[in-house]
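Q: Let's zoom in on one part of this model: the interface between the chains. Give me a close look at that part, as one connected story.

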Amino acid sequence: MNRGQKIAWFQLGVVVIVTVASIILMALFVKKCEYEFLEAWWLGSGYACPVLTLTVLGPLVIFRKRKGRIDCDERDLMIDRRAMVIAFGSTYAFFIAVCFTTWVAAGLDSLIPAYWLARIVLGGWITAIVAHALTTLVCYGRGGKDGEK
Amino acid sequence: MNRQQKIARFNLKIAAVGIPMSLITIAISLIAGHILILIGLLILAVVSLIMGLSPVLIGKEPGRVSFDERDAIIEKKVHIIGYCTLWCIVIIVCTIPTFAVNSIPTIALPAVLMVALVTVRLVESIAILIQYGWTGKGEKS
């Protein structure tokens, strides 16, 4: 398994952990503190999302490039760029879907809390990470064999 | 001039006409009334739709190869620049209101989206023309 694949698995793992943690926190806030769903969602995702910074820091700290070793060739670059283009498309699609759905669902001429915008950015970030990681893994064939090194 | 450049120039022309029209309409609406804001946003929506569909409007010439490795590299680079631009716009536009106001009108969401789309296409078009050198010579594949 090469560096790109390790990073992709790590990022997917972090996203899953953050999702599970925010759901558990939401449930706790609703059950124990008797918050409303939206307040619990705001607090739960707010407490869990700082962990997402690991998806950026992980590749820089945990999966550092080793000195004196070339671990990236033309194929790896091509896969990375393809993953980036797919992440771009997915993020774009996410923003379009969320903005129009919210506009129609909340009412065409009504007000929404401003913190929803921050959550839209968070959702776009998660979409980009997941799309990038999944594309990387699919392009390499998911496993660690067959010349991915 | 190749297809990418034609699309980029087409987008620049559309933006040059549509963005001032939309901004003027929105500026007038701040004085006149609420309906004109919707017209301004509608103009922006039409501009973003035309810019988004420009690769379809300027189609490939049948039976001709109009794309080589250099064009592919330029296109990928342009996508990366567009990706970075999209994130910059979304982060700026979504973060500032979170700290500045308590609530926002729902019409702001599609407006943010349209501004992002138009800006991304505009930046991508400029990036294409810069990389090809702004001229119409020697860029054919």
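A: Burial first: a residue counts as buried under 20% relative accessible area, as exposed over 50%, and as partly exposed in between, with a 1.4 Å probe and protein chains only. This is a predicted model, so local features need pLDDT of at least 70 and side-chain atom pairs count only at pLDDT 80 or more, while totals for chains, interfaces and linings use all residues. Residues are numbered from 1 along each chain as its sequence is written, chains are lettered from A and ligands numbered from 1 in the order in which they are written, and side-chain values use heavy atoms, with hydrogens and water left out.

A handy way in is A:Thr102. It comes out at 14% relative accessible area, so it is buried, and it sits in helix α4 of chain A. Helices here are DSSP runs (H or I, at least four residues), strands are E runs of at least two, and both are numbered from the N terminus. Skip the neighbours within four places in sequence, and A:Thr102 is in contact with A:Gly107, A:Ile112, A:Trp116, B:Thr106 and B:Leu109. Contact here means heavy atoms within 4.5 Å.

Now for the whole interface. On the chain B side, 28 residues are in contact with 31 residues of chain A. The size of an interface is often given as the accessible area lost when the parts come together. Buried area here is what two parts lose that way, using a 1.4 Å probe and summing over both. Between chain B and chain A that makes about 2700 Å², with carbon and sulfur atoms giving 80% of it. B:Tyr83, B:Thr106 and B:Leu109 supply 24% of what chain B buries against chain A, more than any other three residues. B:Thr106 and B:Leu109 are also among the contacts of A:Thr102.

As for charges, the interface of chain B and chain A has zero salt bridges; the rule asks for a side-chain nitrogen of Lys or Arg within 4 Å of a carboxyl oxygen of Asp or Glu. Polar contacts do turn up: four residue pairs between chain B and chain A, both residues at pLDDT 80 or more. Such a contact is a pair of N or O atoms within 3.5 Å; within protein, one must be able to donate a hydrogen and the other to accept it, and residues adjacent in sequence count only if both atoms are side-chain atoms.

Which elements of chain B build that side? α4, β1 (103-105) and α5 (108-132) of chain B each bring at least two residues to the side that touches chain A. The top contributor is α4(B), with 13 residues. By type, the residues on this side are 19 nonpolar, seven polar and two charged. Nonpolar covers Ala, Val, Leu, Ile, Met, Phe, Trp, Tyr, Cys and Pro, charged covers Asp, Glu, Lys and Arg, and the others, Gly among them, are polar.

In one of them, A:Phe88 and A:Tyr92 have ring centres 5.5 Å apart and planes at 50 degrees, so the pair is tilted. The rule pairs rings of Phe, Tyr and Trp (its six-membered ring) with centres within 6.5 Å, calling planes under 30 degrees apart stacked, over 60 edge-to-face and the rest tilted. A:Phe88 and A:Tyr92 are four residues apart in helix α4 (residues 74-106) of chain A, so about one helical turn separates them. Both A:Phe88 and A:Tyr92 are buried. A:Phe95 and B:Trp87 pair edge-to-face, 5.8 Å centre to centre with 75 degrees between the planes. Since A:Phe95 belongs to helix α4 of chain A and B:Trp87 to helix α4 (residues 69-100) of chain B, this pair joins two chains. A:Phe95 and B:Trp87 are both buried as well. Ring pairs also tie A:Phe88, A:Tyr92 and B:Tyr83 into a cluster, and B:Tyr83 is one of the three residues that supply that 24% of chain B's buried area.

So where does a salt bridge show up? The count over all chains is one, and B:Arg121 and B:Glu124 meet in a salt bridge at 3.2 Å, N to O. Both lie in helix α5 of chain B, three residues apart, which puts about one helical turn between them.
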